[in-house]
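Subject: Structure handover

Hello,

Here is the structure for your own work. My notes on it follow below the display.

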Amino acid sequence: MTSIASSSLLSNTSPQALGCDVAFEGVTKSFGSTQVLRTLNMELKAGELVTVLGPSGCGKTTALRILAGFETATTGRILINGKDVTQIPANRRGIGMVFQAYSLFPNLSVQDNVEYGLRVRKVARDKRSARAKELLDICGLGPFADRYPHQLSGGQQQRVALARALATQPSVLLLDEPLSALDAIVRVQMREEIRRLQQSLGITTMFVTHDQEEALAIADRVAVLKGGVIEQLADPQTLYHRPATEFVARFVGGVTEVGVQPSFQHGAFEVRGPASGLDTLFIRPENIEFHPNPLGASTVVSQIFTGERTFVRAVSDIDKTEVVSSASSSAAARTPVGTRVDVNVIAEPALRISAGAKR
C-alpha cells in the first residue's frame, strides 16, 4: 500500500484542515408510533472519529442517516460548523458516506466509480482523473483502476468505496457498518487503514458499528446507544474501565456480576450472585484471579484457550454463580478443570451498584 505520508493529497493537508464540528441538538425520530431516537444530544469535535455502538434497533444508523440528510429528524436540529443544516439537502451538506454494502456502480470501472461524485459536480476531466488516481494510489488500488467491482475482493471494494467518499473532499465522513461483510483478518487491516487515513486528513468521522472491539480500537470517543438514548459517550479506556451504567458494563467487554457486602473493597471473597442487602460488582475478567485451594468455595468447570490468554470459568458452591477470569495461558495451566479455587478481585470493579440502589 502506498505510504500516506508520501501523498501530496495528505502532505498538503494539515490535521483538522478538512474536519469540522458536528452537533446533534435535541434530535428525535419517530416512524409512526415507534420512537427510534429520544432527544439525542451529541457533539463531534473537528477531526475526531466517534464510533456509535449499540445493538440492532438502538437508533445508531438512523442517527447517521439524519446527519447525512437521508432522513429528517422529527424534532431537533443538526449543526455543521455551527450552521443549522437540518433543512439542507444531503447533496449540499459536504458529507461523504461509505455504506455497509459498498454501493459501487457495477457498470463503472474502479476509476470511474471514484470519479463519479466529481463528475456530477462538473469538475474538469483532467482534475477529477488526477484526484481519483491519487486516492487509488493511497488506498493501494492504483493497478486496479480499469477493473470492475465484480473483479475485486471485498476488501478492495471497500477501499474503492472509501476513495469515492473522499474524492469530493467532504468535511464529514460517515461510515455505516463498513467492515461487517469482510472476513476477520481483512476487517482488522481495513480498520487500521481507515483510522490512519482519517487521522492524516483530520476529517471529522462518525463510524457506526455493533462490534465493540471495532468501536474501541478505532475511535477517539465511543457513544453507546440503547433504545435511542446515549447511555455513555467517552473515550474507549473510560468506557471499558468506568462504564456509567449497567447496560454499558454488560455490552462493552466481558463482565462478571457478583454480590458482596457493602464493606468489601477487593481481595478474596466467597462468590455469590447479586442479592438484597449486597452491593453488586461488575468485574472485568482480567481483574479476577483464581488460586488453587483444596478448601476453596468455587470449582473450575471450563477453560477456553485463545493463545496468549485463557478464559477460565469457575462456579461457586454457595449458589452456583459463575465467575470468569482472563489469565495468561501459563497461569491458567495451574487451575485445570476440576480444581477447587479461591476467587480474588485484584482491582477496583468496573462498576459498583450499592445495596438498595434503584436498578
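Helices (H or I, at least four residues) and strands (E, at least two) are taken as DSSP runs, numbered from the N terminus. On that basis the protein chain has ten helices and 19 strands. This is a predicted model, in which local features need pLDDT of at least 70 and side-chain atom pairs count only at pLDDT 80 or more, while totals for chains, interfaces and linings use all residues. Residues are numbered from 1 along each chain as its sequence is written, and side-chain values use heavy atoms, with hydrogens and water left out.

Overall figures

Along the principal axes, the C-alpha atoms of the protein chain fill a box of roughly 80 × 45 × 35 Å. Of its 359 residues, 50% count as buried; buried means under 20% relative accessible area, exposed over 50%, and partly exposed in between (1.4 Å probe, protein chains only). Contact means heavy atoms within 4.5 Å. Among contacts between residues at least 6 apart in sequence, 69% join residues at least 24 apart.

Cores

A nonpolar core is here a set of buried Ala, Val, Leu, Ile, Met, Phe, Trp, Tyr and Cys residues joined through side-chain atoms within 4.5 Å. The largest one has 46 residues, and those with the most contacts inside it are V114, L162, L166, L173, I194, V224 and V252. Helix α5 (residues 154-167) supplies the largest share of this core, seven residues. Another core, of 29 residues, lies apart from it and includes C20, L40, A63 and M97. Not counting residues up to four places away in sequence, L173 touches G96, M97, V98, L162, A165, L166, I203, T204, T205 and M206.

Axes are lines fitted to C-alpha atoms, for helices over the stretch in contact, and angles run from 0 to 180 degrees between N-to-C directions. Angles under 35 degrees count as roughly parallel, over 145 as roughly antiparallel, 65 to 115 as roughly perpendicular and the rest as oblique.

Helix α3 (residues 110-120) packs with α5 at an angle of about 25 degrees, the axes being 7 Å apart. The two are therefore roughly parallel. In their contact, V110, N113, V114 and L118 of α3 meet V160, A163, R164 and A167 of α5.

For α5 and α6 the angle is about 15 degrees and the axes are 11 Å apart. This pair too is therefore roughly parallel. From α5 the contact takes G155, Q158, R159, L162 and L166, and from α6 it takes V186, M190, E193, I194, L197 and L201.

Other places to look at

Helix α2 (residues 60-68) has seven of its nine residues buried, so it is largely enclosed by the rest of the structure. Those buried residues are K60, T62, A63, L64, I66, L67 and A68. G69 follows α2 and has a positive phi, near 95 degrees.

R191 is in helix α6 (residues 184-201). Is R191 buried or exposed? R191 is buried, with a relative accessible area of 13%. Leaving out residues up to four places away in sequence, R191 touches L179, E213, E214, A217 and I218.

F99 sits in the loop between β6 (95-98) and α3. F99 is partly exposed, at 25% relative accessible area. Its C-alpha atom is separated by 5.9 Å from that of P178, which is 79 residues apart from F99 along the chain. Neighbours within four places in sequence aside, F99 is in contact with F70, Q158, D176 and P178.

Regards
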